[in-house]
Amino acid sequence: TLDDGTVPVVLSSFTATISSENFVNLTWVSQSETAMSGYFIYRSQTDLLSEAQLISPMIPAANSSTQQIYTFTDDELTANGVYYYWLQSVDLDGSDAFHGPVAAYFNAHGEYSAPEIPLATELKAVYPNPFNPTVFIPYSLASSADVSFRIYNTRGQSVRDFAPGKQAPGNYSISWDGTDNNGQNLPTGVYYIRMAAGNQVFQRKAALIK
């Protein structure tokens, strides 16, 4: 747990998405950084941090008081399955903290005889549903578009945002771990996942059950 004093890093998001090249892109956004050394990425095929392996070099921190966006691409996957990722933040004094896991479902090239053609811009059925604690949110783009997600509770309050940004045509997926924008666990209930792709808006419903 972090002390109540100055927090070395304030993260607003840590996400995993499948890129159009069929790599896993890991993205994290820091709102501020103080006396940070940098970041490492760990990967496992279970949700146990104790079984995770380091897969990245040190990614230096900007140590900025303004928002910073970092990305790391995992291009070493070959076997189908769910992969879990953790972000380790390391301070200059050697102390560290782990964030995650986030998860991505990887399908190796060539598993299916034919891809889905043509691509449609759509938000597909989320799974598992109900979920606890992670839900996968697959979607596809027929053309390049700016993509963003906002998740609402049943009272219409926005609880979590994801902003993959500009993406090329292809199939994608992000995962959500049932936490809000502050990293707090959300209660059992129904949540509405709204995707905006360009000027199109899509919505799906997911039930978080603990």
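**Close-up views of a predicted model**

**View 1. Tyr85 within strand β7.** Tyr85 sits in strand β7, which covers residues 81-91. The model shown here and in the other views is predicted. Tyr85 has a relative accessible area of 0% and is therefore buried, since buried means under 20%. Leu54 lies 31 residues from Tyr85 along the chain, and the C-alpha atoms of Tyr85 and Leu54 are 9.7 Å apart.

**View 2. The whole protein chain.** The chain contains 15 strands and 0 helices. Its radius of gyration is 17 Å, close to the 17 Å that the globule rule gives for 210 residues, so the chain is as compact as a globular protein of that length. Along the principal axes, the C-alpha trace spans about 50 × 40 × 30 Å. Of the 210 residues in the protein chain, 44% are buried. Contacts between residues at least 6 apart in sequence include 56% that join residues at least 24 apart. The protein chain exposes about 11,000 Å², and 49% of this area comes from carbon and sulfur atoms. The chain carries 10 positive and 19 negative charges, and the mean positions of these two groups are 15 Å apart.

**View 3. Thr134 in the loop between β9 and β10.** Strand β9 covers residues 122-123 and strand β10 covers residues 135-141, with Thr134 in the loop between them. Is Thr134 buried or exposed? Its relative accessibility is 17%, and because buried means under 20%, Thr134 counts as buried. Leaving aside residues up to four places away in sequence, Thr134 touches Ala103, Pro128, Ser175, Trp176 and Asp177.

**View 4. Val126 in the loop between β9 and β10.** Val126 is placed in the loop between β9 and β10. Val126 is buried, with a relative accessible area of 9%. Which residues does Val126 touch, not counting residues up to four places away in sequence? They are Val135, Phe136, Ile137, Pro138, Ile193, Arg204, Lys205 and Ala206. Ser173 is 47 residues from Val126 along the chain, and the C-alpha atoms of Val126 and Ser173 are separated by 9.6 Å.

**View 5. Two cis peptide bonds.** Gly100 and Pro101 are joined by a cis peptide bond with omega of about 5°. Pro101 belongs to strand β8, residues 96-106. A cis peptide bond also runs from Asn129 to Pro130, where omega is near 10°. Pro130 is in the loop between β9 and β10.

View 6. Ala35 is a residue other than glycine with a positive phi, near 55°. Where does Ala35 lie? Ala35 is in the loop between β2 (24-33) and β3 (36-44). With a relative accessible area of 40%, Ala35 is partly exposed. Asn63, also a residue other than glycine, has a positive phi near 50°. Asn63 lies in the loop between β5 (59-60) and β6 (68-74). The relative accessible area of Asn63 is 34%, and Asn63 is partly exposed.

**View 7. Gln203 within strand β15.** Strand β15 covers residues 200-208 and includes Gln203. Gln203 counts as partly exposed, at 41% relative accessibility. Beyond residues up to four places away in sequence, Gln203 touches Leu123, Tyr192, Ile193 and Arg194. Ser19 is 184 residues from Gln203 along the chain, and the C-alpha atoms of Gln203 and Ser19 are 22 Å apart.

**View 8. Confidence along the chain.** The protein chain has an average pLDDT of 86, and 92% of the residues score at least 70. Over which residues does pLDDT stay under 50? One such stretch is residues 1-5, for which the model has 2 contacts beyond four places in sequence. Another is residues 110-117, for which the model has 3 contacts beyond four places in sequence. Where pLDDT is low, the predicted coordinates should not be read in detail.

Note on methods:
Residues are numbered from 1 along each chain as its sequence is written. This is a predicted model: local features need pLDDT of at least 70, side-chain atom pairs count only at pLDDT 80 or more; totals for chains, interfaces and linings use all residues. Side-chain values use heavy atoms; hydrogens and water are left out. Helices (H or I, at least four residues) and strands (E, at least two) are DSSP runs, numbered from the N terminus. The radius of gyration is taken over C-alpha atoms; the globule rule is 2.2 Å times the number of residues to the power 0.38. Buried means under 20% relative accessible area, exposed over 50%, partly exposed in between (1.4 Å probe, protein chains only). Contact means heavy atoms within 4.5 Å. Accessible areas come from the Shrake-Rupley method with a 1.4 Å probe; for residues, only the protein chains shown count as cover. Lys and Arg count as positive and Asp and Glu as negative; His and the chain ends are not counted. The place of a charge is taken as NZ of Lys, CZ of Arg, CG of Asp or CD of Glu. pLDDT is the predictor's confidence in each residue, from 0 to 100.
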